[in-house]
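User: Could we go through this structure together? I would like to start with the loops and then move to the helices.

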Amino acid sequence: MNAVKLGKMANEIAAFFDADPDRTAAMDGFVGHLKRFWDPRMRRELVAWIDGGGGTELIALVRDAIAQRREQILPAQ
Amino acid sequence: MYSIGHPDPGTPIRISTERVTLMIDGVSVNVPKGTSVMRAAAKAGVNVPKLCATDSIEAFGSCRLCLVQIEGRRGYPASCTTLVEPGMKVTTQSGKLAQLRRGVMELYISDHPLDCLTCPANGNCELQEMAGQVGLREVRYGYAGENHLEAKKDESNPYFTFDPSKCIVCSRCVRACEETQGTFALTVLGRGFDSKIAAGNTDFLSSECVSCGACVQACPTSTLMEKSIEERGQPDHVVATTCAYCGVGCSFLAEMKGNEVVRMVPDKAGGANHGHSCVKGRFAWGYATHKDRITKPMIREKISDPWREVSWDEAIGFAATKLRAIQAKYGPASIGAITSSRCTNEETFLVQKLVRAVFGNNNVDTCARVCHSPTGYGLKTTLGESAGTQNFDSVDQTDVMIVIGANPTDAHPVFASRMKKRLREGAGLIVIDPRKTDLVRQPHVAAQYHLQLRPGTNVAVINSLAHVIVTEGMLREQYIADRCDLVEYEKWKAFIASAENSPEAMEAVTGVPAATIRGAARLYGQARNGAIYYGLGVTEHSQGSTMVMGIANLAMATGNIGREGVGVNPLRGQNNVQGACDMGSFPHELPGYRHVSDPAVRTLFGDAWGVTILAEPGLRIPNMFDAALDGSFKGLYVQGEDIAQSDPDTHHVLKALSSMECVIVQDLFLIETAKYAHVFFPGATFLEKDGTFTNAERRINRVRKVMPPVCGLADWEITVRLAEEMGVPMQYDHPSQIMDEIAKLTPTFHGVSYEKLDRLGSIQWPCNDAAPEGTPTMHEQQFVRGKGRFVITRYVATTERTNRDYPMILTTGRILSQYNVGAQTRRTKNTTWHAEDLLELHPHDAEFRGIVDGDLVAVTSRAGETVLRAKITERMQPGVVYTTFHYPESGANVVTTENSDWATNCPEYKVTAVQVRKTNQRSAWQYEFDENLQEQVSLLPGGDAAE
């Protein structure tokens, strides 16, 4: 799938949750949203894209979540 | 005339806790205070003759036929305008009354053509019936005097005629237009003998008339008469069913002659419409028998091959083999399905079951993805249920209504009439819309505040309104304390009270003066009952879900949820948007909005179906397109939806469809998506099948088969056959059994059955042990989620920006006479009113570009270009243009982009940066469209290429 588009979508999701002053809640919201609404292949490709050096322009919440909550975001094998 | 055989008590029902007992012709009768003597008589089994009275409009007292005698009173009062009083003794039949009534009838008939035997109303004419009832035997005045018998018939309207020679000037049509429809198109011109009914000073078609047909229904003679009755005669039987157009979900009586529809009459017993209708529901059903219907299954290997008509067995076998082969080659998740809001609950339930139990994945989505998916997300998050909170009748108790991003007079006309009635009674109105919609100002209706915001700034406006509520002390603190999550509330309150959300700070963003926002907030915040109604102008934005939550925040903050007259009310676009969502059409939810990650729910369905349900969400429609282009999604079953026309960025959609190996389309016509299909299953219209639709107020209505399916199978049977062919039998003999399964597996539907629907007429879910007859108003004691949740709704501007190349904003919508992609209404005489999609633009923008009305104009965005005719109107604000998407050749979605709502991927149809310029030819895409159309038609059986 188009990784740039996935990155844009992730960024927009994060922009919503980023408004929460509680940072843990913001990250929970972002990660939970991906898990609840994104097909596994979309999550895998987003993570792979960022792992491969993509998404440097994404807001911190996206990058932090991929770094800190990778196991939660990726589907069980 | 209303439907044959239905009693008409003459005046509207009255609701009162006080009762009145009186005697009518020696019979004691007890009725609510305020009831007319005529209606009380009807209850006592006494039919008083009448002509100017009917139960859908207020009494008028002009025909003088319903005279009665009342003990202790002088004269002969009209029973329609005389209200009951305790102890009243009424006589409806006497020698003197008979004499008076005959005299009145004699005068009417002296100026009425005596052509009863050839009159289309013969057999269903109140004038004829009353003449018989009063015993008219002669007309002493003769017919030679001055009369109206030569008055010219107006046949301009495509659906009904107006024959003034048969008019008795009872004014029922004028009053129906005013009271029922609220358009005020008709009037009585002249006085005395010269009185005549007129649609202004013009014919019906050129007038303000919106062809709702309320006047035709109210007419007691054949003065206003359906052309279908003129052509086919009176019906021989009637079947109650539900309209297949918008989300109002009007109940209808299909009047039949054998298997042919003669007339559709809105059912007075209909809970949503109470006997009213619009031009689509009442008249635009001719598509069902249109010559374009495809009635035989067809298959082909490649989309460039000619279609081959085959048997159902071969077509279903071909489809099943293809789908299984794709899964074998590309994996189980490489196929999926799309359900439609135009299909029944039962059909939709079966398609998602097919995906989950037969395909073995969760790749099912529905067209609500592109309309109200943010409603599902936003209301579930804040209130706990993905549905509107009220019934339509609730508006009668509303003191202030906010209408946001909705144009109900065009898109939900029957409910708009109810709104207008309440507004005429004095309710306040705030309209939030970039355009000056009809509700902003029309006869006897005007918005106190029109917040004419810039497209894409909804969230900024709703936050500003909430800011005023919070900072000016209009919060309902006790309500919030009792019913809401206070931790989340405090976070929201601090956010919304910050200066960044003030009307003054947001004015530069929204374009709405701060004083206007403050005034509107005060009007809503101080209302006893404030209700919010919204449409796709809320959801189809990059912040669609945020806006829905902002609306819920505002309603909770002002205590406006949980009783009649208030609430958050999404006006659903299509007939079964609510139902399609309820039935588990989304890739993350099983029926009843239960997430696939919930093991208990998966076990429930898995055990019932004998399969394992996957715990991970599947692909949404736009994700399906992207996955198709990356090669991981290859097969699609589309039931009743035209994604190639209705979804955004047409180039992208067509490329995705072209890359698939098996596209199965189940539809009535060769729709745009069918041009990219390998299998065509001919579908059935709503007239050809049994089932249920669920409207915008959660009302489950029965759809009843009035004629056999022309293609041999109802849609649900096709899905069952496909499942069986793929190796998973589904055992149903009738859609009622599918509903039984839905009820068994879905808590909000536990109490629903066809037997109960037949008994009650309709049911608003939740319907279960706690609410065995349904739930008109939700969240009465507490929110479904427990505590209502306030959500921080920060305004984030869309990434779709104007610049020097694309300086204007295009926003899209719909109009009264056409429906969605137009596949149905374009095949009716509704094209009389709207034969093509137009581009509306403000006079300043037109002048700047040298454009005059009717010019061809090119509309160019970052996604593509199309050409439309210009319509210059001050409804638009400068810098904003508007079009509809009812005609595929218009290419509205060639221009719209892939931008979408952050939470749901609902497309941002309402904001596309464009340039508009005058041109003299169609766009390159439109020439390609023509060529493709020609080619695909030639590939149909009987087409050039097929021969």
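Analyst: Helices, of at least four residues, and strands, of at least two, are DSSP runs numbered from the N terminus. Please bear in mind that this is a predicted model.

User: Understood. Where is S211(B) found?

Analyst: S211(B) sits in the loop of chain B that runs between β7 (196-198) and α5 (214-218).

User: Is S211(B) buried or exposed?

Analyst: S211(B) is buried, because its relative accessible area is 1%, and buried means under 20%.

User: What is the phi of S211(B)?

Analyst: The phi of S211(B) is positive, near 60 degrees, and the residue is not a glycine. As a general point, most residues other than glycine have a negative phi.

User: And Y593(B), what is its phi?

Analyst: For Y593(B), phi is about 60 degrees, again a positive value in a residue that is not a glycine. Y593(B) lies in the loop of chain B between β23 (589-590) and β24 (594-595). With a relative accessible area of 5%, Y593(B) is buried.

User: Which backbone nitrogen lies 2.7 Å from a polar atom of the N157(B) side chain?

Analyst: That backbone nitrogen belongs to Y159(B).

User: Changing topic: which two residues are joined by a cis peptide bond?

Analyst: W765(B) and P766(B) are joined by the cis peptide bond, with omega about 0 degrees. P766(B) is in the loop between β30 and β31 of chain B. In general, most peptide bonds are trans.

User: Where is R789(B) found?

Analyst: R789(B) is in the loop between β30 (762-764) and β31 (808-813) of chain B. R789(B) is partly exposed, at a relative accessible area of 27%.

User: What does R789(B) touch, not counting residues up to four places away in sequence?

Analyst: On that basis, R789(B) touches T381(B), T382(B), E488(B), N553(B) and M556(B). The C-alpha atoms of R789(B) and D55(B) are separated by 44 Å, and these residues are 734 residues apart along the chain.

User: Now a strand residue. Where is the place of T339(B)?

Analyst: T339(B) belongs to strand β14 of chain B, residues 335-339. T339(B) is buried, with a relative accessible area of 0%.

User: Which side chain does a polar contact of 2.9 Å join to that of T339(B)?

Analyst: The partner in that polar contact is the side chain of S585(B). Not counting residues up to four places away in sequence, T339(B) touches several residues, including V351(B), C367(B), S585(B) and E641(B).

User: On to the helices. At what angle do α22 and α24 of chain B pack?

Analyst: Helix α22 (residues 621-630) and helix α24 (residues 650-658), both of chain B, pack at about 55 degrees, and their axes are 8 Å apart. The two helices are therefore oblique to each other, and α22(B) passes α24(B) in a left-handed crossing.

User: How many degrees is the crossing of α2(B) and α3(B)?

Analyst: Helix α2 (residues 95-109) of chain B and α3(B) cross at roughly 140 degrees, and their axes come within 9 Å. The crossing of α2(B) past α3(B) is left-handed. The α2(B) residues in the contact are R101(B), R102(B), M105(B) and I109(B), and those of α3(B) are L127(B), M130(B), A131(B) and V134(B). By class, this contact has six nonpolar, no polar and two charged residues.

User: Last one: which residues of α25 are buried?

Analyst: In helix α25 (residues 715-725) of chain B, the buried residues are D715(B), W716(B), I718(B), T719(B), V720(B), L722(B) and A723(B). Their cover includes helices α8 (312-330), α9 (345-359) and α26 (735-745) of chain B, as well as strands β25 (635-639), β26 (662-667) and β27 (679-682). After α25(B) comes G727(B), with a positive phi near 100 degrees.

Notes. Residues numbered from 1 in each chain as written. Chains lettered and ligands numbered in written order. Predicted model: local features only at pLDDT ≥ 70, side-chain atom pairs only at ≥ 80, totals over all residues. Heavy atoms only, no water. Axes fitted to C-alpha atoms, helices over the stretch in contact; angles between N-to-C directions. Parallel < 35°, antiparallel > 145°, perpendicular 65-115°, else oblique. Left-handed = near helix turned anticlockwise from the far one by under 90°. Buried < 20%, exposed > 50% of the residue type's maximum accessible area, 1.4 Å probe, protein only. Contact = heavy atoms within 4.5 Å. Polar contact = N/O pair within 3.5 Å; in protein donor to acceptor, adjacent residues only side chain to side chain. Nonpolar A, V, L, I, M, F, W, Y, C, P; charged D, E, K, R; others polar.
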